Amino acid sequence: MSHHETLKTLRPNEPFELESGLSLLPRIKLNLTIHRADKSVSPIDEWKLKRSLIDYLEKSQSISIPEEDIKVFKYRDLKKRKREDPVARGSLFVLDLGFLSKRLLLNGEDGVEKAFLEWRKGIVADMDGMELNLEGVKFKLSVELPNGDDFEGMRKEWEEIAAFGTRGYQRIERQQPDTIMLRGVPSRWFAEPRVSSKPSMLVTHTIFSAFGKIRTLDVGEDNDRGEDEDEEDGGDLVSGLHCKIVVQYESYKDFYNALKVLCGRSLNKQGSRLRSDYEVTWDRNGYFRNGRRLTEQTKTGWTPTTGAGNYRSEASQRRSQASRISPDDARRKRFKD
């Protein structure tokens with residue numbers, strides 16, 4: 001069965017295989033925000049928080065997750081923060097969704113996706129607003145689905161733009177979006193083995209062609225991951241390890257299928273212990289039309305390799321105009337699996 005045929009029947013709890021040993025694995029990701037629920041100024045106990053969430057999910061949802069799949073980032077100087085400010089944020093991942101297969105099939109093939117979305121929505125609703133009593137210290141939990149995992153929400157957004165228009169989107173151009181943007185993917189996973197640690201335009205093109213015919217694409221260094229400066233573990237991002245990928249498809253249908261599959265999944269590479277929980281969205285501002293790509297490339301001075309066969313997309317041809325700035329190789333570290 002071809003990739004295009006697989007896309008039509010792919011269930012939300014099933015993986016999708018790509019080229020170069022990459023695969024998209026389904027998962028549930030929940031964004032967590034923790035606030036004080038009493039007058040205590042005691043710091044949050046990370047281990048107790050994780051154990052409380054694990055016990056809740058096991059008892060109420062029959063979901064088992066290991067501690068490492070809950071990430072907690074505490075804020076500094078809690079005594080100086082306002083009472084309404086959060087004391088920590090984090091994320092919770094449910095990576096093994098195999099237990100859902102039988103439950104979803106009870107709704108028939110046509111009802112699998114709807115049943116999955118309702119099940120996920122129910123978990124968010126049950127956990128949002130929970131009060132956690134960590135041995136006498138109370139905290140309130142806010143839970144939400146990441147924007148990049150909410151495909152239906154993004155589709156509603158672009159349909160409203162097409163119908164009513166909005167600032168920053170030109171209605172004189174075609175209304176249906178065609179461009180996907182990914183951030184936070186490992187640069188080495190899109191590079192040519194034994195050639196360079198920088199992502200290759202050719203390799204990237206080959207990988208994303210699994211979703212349809214590509215009009216043009218762009219790859220750039222991604223060092224701005226939105227870390228909060230007030231977090232205890234913030235500010236330790238190593239330059240050059242991650243990249244940003246922008247892919248424009250020939251047709252709206254291919255864009256639609258690609259975004260739908262990328263939502264709610266993590267990227268894995270065969271033989272690697274790492275997992276890429278990338279951010280994905282759609283292009284609202286005409287990335288390839290308004291010269292924004294060229295401006296960003298000039299700032300970074302960083303050009304991905306074109307790969308074997310000297311493949312050059314429309315975007316890479318225009319990039320040559322901004323390639324006079326040499327990258328500072330000394331500051332860049334190699335990505336290790």
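Why does aspartate 218 count as buried? Its relative accessibility is 2%. The cut-off for buried is under 20%, so aspartate 218 counts as buried. Keep in mind that this is a predicted model.

Where is that aspartate? Aspartate 218 sits in strand S9, which covers residues 214–221. Its side chain has a partner. A polar contact of 2.8 Å links the side chain of aspartate 218 to that of tyrosine 287.

Now the whole protein. There are 337 residues, and 44% of them count as buried. The elements are 9 helices and 13 strands. The accessible surface is about 18000 Å². Carbon and sulfur atoms own 46% of that surface. Next, contacts along the chain. Take the contacts between residues at least 6 apart in sequence: 72% of these join residues at least 24 apart.

On to the inside. The largest nonpolar core has 39 residues. Which members touch the most others? Phe208, Phe211 and Leu259 do. Several elements supply at least two residues each. Among the strands that do so are S2 (22–26), S8 (179–186), S9, S10 (242–249) and S13 (279–282). The helices on that list include H5 (151–164), H6 (201–208) and H7 (252–262). H7 gives the largest share of this core, with 6 residues.

Look at leucine 259 on your screen. Set aside its neighbours within four places in sequence. Leucine 259 then contacts Phe151, Met154 and Trp158, as well as Ile180. Val280, Thr281 and Trp282 are in contact with leucine 259 too.

There is another core, apart from the largest one. That core holds 34 residues, including Ile28, Leu30, Ile34 and Val137.

Last stop: strand S11, residues 265–269. How many of its 5 residues are buried? The count is 4, so S11 is mostly covered, with buried meaning under 20% relative accessible area.

S11 pairs with S2. The two run antiparallel, joined by 5 bridges. One example to click on: serine 23 has asparagine 268 of S11 as its bridge partner.

S11 also pairs with strand S12, residues 275–276, again antiparallel, over 2 bridges. Here leucine 267 has serine 276 of S12 as its bridge partner. S11 and S12 make a hairpin, with 5 residues between the strands. Check glycine 271 in that turn. Its phi is positive, about 90°.

To recap: aspartate 218 is buried at 2% relative accessibility, and its side chain makes a polar contact with tyrosine 287. S11 is joined to S2 by 5 bridges and to S12 by 2.

Note on methods:
Residues are numbered from 1 along each chain as its sequence is written. This is a predicted model: local features need pLDDT of at least 70, side-chain atom pairs count only at pLDDT 80 or more; totals for chains, interfaces and linings use all residues. Side-chain values use heavy atoms; hydrogens and water are left out. Buried means under 20% relative accessible area, exposed over 50%, partly exposed in between (1.4 Å probe, protein chains only). A polar contact is a pair of N or O atoms within 3.5 Å; within protein, one must be able to donate a hydrogen and the other to accept it, and residues adjacent in sequence count only if both atoms are side-chain atoms. Contact means heavy atoms within 4.5 Å. Accessible areas come from the Shrake-Rupley method with a 1.4 Å probe; for residues, only the protein chains shown count as cover. A nonpolar core is a set of buried Ala, Val, Leu, Ile, Met, Phe, Trp, Tyr and Cys residues joined through side-chain atoms within 4.5 Å. Two strands pair if DSSP finds at least two bridges between them.
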